[in-house]
Amino acid sequence: MRLKQLKVSALMFLILLVVLPLATAFSKKETRSEMENRTLAKFPKLSLKSIKDHSFMDGFEEYISDHFIARINWIELKVDVELLIGKEEINDIYITDDMLIEKLEEPNYQEINKSVDAINSLAERFTNPEYFVLIAPTSAGIYLDKLPNNAPQVQQKEEVIDYIYGSLSENITSIDVYSNLYTAKDEYIYYRNDHHWTSLGAYYAYNSAIQKLGFTPISYNKFNIEHASDSFKGTFYSKSLYNGIKSDTIDIYTMDKSEGIQSMVVNDGTSETTFDTLYDRSYLDTKDKYATFLSENNPIVTITTNVENDKKILVIKDSYANCFIPFLSEHYNEITVLDLRYIGITSENVVNINDYNQVLFLYNASTIAQDENLKKMNDIFTVTE
């Protein structure tokens, strides 16, 4: 019996220290992990300096870790073992029975105040448009009751949304979408494996917002709903690699008698691509299926519709706006979308705010609680008086 145990131990030792490293060395190396949505480590440069300062060994360890044979399977096994022994959080993602929920960082009030000051300053400088701010809760702000007992979590509504709305100038209108979303919390309003709201969640937000913007919302039953994909696993899955949650569905809402889109011009900072739709369906065959909406995040997107009015809106946003904007397209003749995280083009190519009737800031509460881009708004582009 003792001899048999020694043989098994020797075999395991051989596999772990010889077979698996050799298999890793000769396996095909990928440059990116689509499952984790990140770039994998490159083999470090070998030099006398990198040996002396230990950067070669640090880089080599990272390289081996990123390219270890069957790495994703090992990580998934590790996650299952951790959950089995009672762990309820993996890489700042809470594992619940039916969805993954992020553990929120404490709000960075210094950055929040700078963002609010930048919005207030813009509204003070250019008074022609009407200004609106919509801060969307994430699933972490709605489903606190799903979290493990005593799990630390920011109270998103009170600590972020209400704080921002209470700091805005009087000439800026805040838009409450929390109430509508909380009322609909038992519906499919957030993805189970991703940080975004679903198209249904965006519709409920639109229903509240469009009335503040001066229009009558389109009834839900007037939309056709296409289930474009049922295999979406987003950012929360990429962080946790937990397979126990059902894949998400990407829904596209259209209308039989839609006014229609003339064009969507996507400016990535170096070139422009023109679409005749708001949906880039090529992304349905990729992991990042949410990028179907507006063809992922780009610095500037300009949408022209067949709506017969002179209403123009400028939307300054994060990615929560991407599946929200199709609903706006039923009401405005022109929509310009700015994502300040990706603005890297010269000031003369950025829009003139005075050309617009309305300006809408649309961010989710988790992003804006840490954002460092809004404060740069007046430095990034110059608006003609």
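# Close-up views

**View 1. Strands β10 and β11 (residues 272-275) are joined by four bridges in an antiparallel pairing.** Two strands count as paired if DSSP finds at least two bridges between them; helices (H or I, at least four residues) and strands (E, at least two) are DSSP runs, numbered from the N terminus. This is a predicted model, in which local features need pLDDT of at least 70 and side-chain atom pairs count only at pLDDT 80 or more, while totals for chains, interfaces and linings use all residues. Residues are numbered from 1 along each chain as its sequence is written, and side-chain values use heavy atoms, with hydrogens and water left out. Valine 265 stands opposite threonine 274 in β11. Four residues lie between the strands of this hairpin, where glycine 269 has a positive phi near 100°.

**View 2. β10 also runs antiparallel to strand β12 (residues 300-305), to which six bridges join it.** Across this pairing, isoleucine 261 faces threonine 305 in β12. Strand β10 (residues 261-267) is mostly covered, with five of its seven residues buried (buried: under 20% relative accessible area; exposed: over 50%; partly exposed: in between; 1.4 Å probe, protein chains only).

**View 3. Three strands form an open sheet in the order β3-β4-β5, with antiparallel pairing.** At the edges stand β3 (89-90) and β5 (100-102), each with a single partner strand, so one side of each has no neighbour in the sheet. Two bridges link β3 with strand β4 (residues 93-95) in the antiparallel sense. Isoleucine 90 has isoleucine 93 of β4 as its bridge partner.

**View 4. Helix α7 (residues 156-165) has Gln156, Val160, Ile161, Ile164 and Tyr165 as its buried residues.** Seen down the axis of α7, these residues fall within an arc of 120°, so they line one face of the helix; the arc is that of the directions from the helix axis to the C-beta atoms. They pack against α5 (109-125), β6 (130-136), α6 (139-142), β7 (172-175), α8 (178-183) and α12 (365-368).

**View 5. Histidine 331 lies in the loop between α11 (325-328) and β14 (334-338).** Its relative accessible area is 7%, and the residue is buried. Beyond its neighbours within four places in sequence, histidine 331 is in contact with Tyr206, Ile210, Phe215, Thr216, Ile218, Val307, Asn309 and Lys311 (contact: heavy atoms within 4.5 Å).

**View 6. The largest pocket is lined by 39 residues, with His195, His196, Thr235, Ser319 and Arg341 nearest its centre.** The elements giving two or more residues to this lining are α7, α10 (235-240) and α12. The most comes from α10, with four residues. On a 1 Å grid over the protein atoms alone, a pocket is an open set of points where a 1.4 Å probe fits, with protein on both sides within 12 Å along at least five of seven lines; lining residues have an atom within 4 Å of a point.

View 7. pLDDT is the predictor's confidence in each residue, from 0 to 100. Where pLDDT is low, the predicted coordinates should not be read in detail. For the chain, the mean pLDDT is 83, and 74% of residues reach 70 or more.
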